[in-house]
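Here is a short report on selected residues.

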Amino acid sequence: MKSSIFSVSGIKELVLRYREILLYLIVGVITTVINGAVYWICTSLLKMANVPGTIVAWVIAVLFAFFANKIWVFESRSMRLALVLKEMVQFVGCRLGTGVLDVGIMYVSVDRWGWNGLLMKLISDFVVTLVNFVASKFFIFKKKV
């Protein structure tokens with residue numbers, strides 16, 4: 001007999017079933033906080049200009065996201081240099097690509113078509129998150145069968 005989703009065992013079953021997705025979302029939230037904190041440190045404390053501060057924050061956030069996703073979310077535990085470099089290049093390439101996708105969606109939908117910016121940003125972020133998850137799970141950190 002299946003347990004109710006409102007029981008402790010039901011919640012545990014859901015967490016186990018969707019573990020990867022939940023961890024991915026948690027890492028995403030932490031990555032966002034790191035990005036914002038590093039940006040603030042760079043621009044407010046270190047007095048860097050906006051663009052360099054943004055770049056430094058993005059690089060540090062992506063590095064954190066790479067290792068957190070590699071180790072905890074997708075459990076790609078090998079630290080062989082060749083594999084880590086291959087995964088890192090794919091991960092960063094994917095993040096750059098989905099960054100371009102995000103800008104493209106926002107430019108076309110908001111600047112060209114005049115749609116609501118906040119709504120489109122939410123939709124774009126969902127699409128980007130989904131593409132990043134699928135790429136990470138099935139291509140970058142895929143399990144060897």
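Lys 47 sits in the loop between α2 and α3 (50-73). The model is predicted. Lys 47 is not a glycine, yet its phi is positive, about 60°. Most residues other than glycine have a negative phi. Lys 47 counts as exposed because its relative accessibility, 66%, is over the 50% cut-off.

Glu 75 belongs to the loop between α3 and α4 (81-112). Its phi is positive too, near 50°, and Glu 75 is not a glycine. How exposed is Glu 75? Its relative accessibility is 38%, so Glu 75 counts as partly exposed, falling between the 20% and 50% cut-offs.

The next residue lies in a helix. Asn 35 is part of helix α2, which covers residues 19-45. With a relative accessible area of 26%, Asn 35 is partly exposed. Which residues does Asn 35 contact, leaving aside neighbours within four places in sequence? They are Ala 57, Trp 58 and Ala 61. Cys 94 is another matter: it comes 59 residues away from Asn 35 along the chain, and 18 Å separates the two C-alpha atoms.

| Residue | Relative accessibility | Class |
|---|---|---|
| Asn 35 | 26% | partly exposed |
| Lys 47 | 66% | exposed |
| Glu 75 | 38% | partly exposed |

Note on methods. Residues are numbered from 1 along each chain as its sequence is written. This is a predicted model: local features need pLDDT of at least 70, side-chain atom pairs count only at pLDDT 80 or more; totals for chains, interfaces and linings use all residues. Side-chain values use heavy atoms; hydrogens and water are left out. Helices (H or I, at least four residues) and strands (E, at least two) are DSSP runs, numbered from the N terminus. Buried means under 20% relative accessible area, exposed over 50%, partly exposed in between (1.4 Å probe, protein chains only). Contact means heavy atoms within 4.5 Å.
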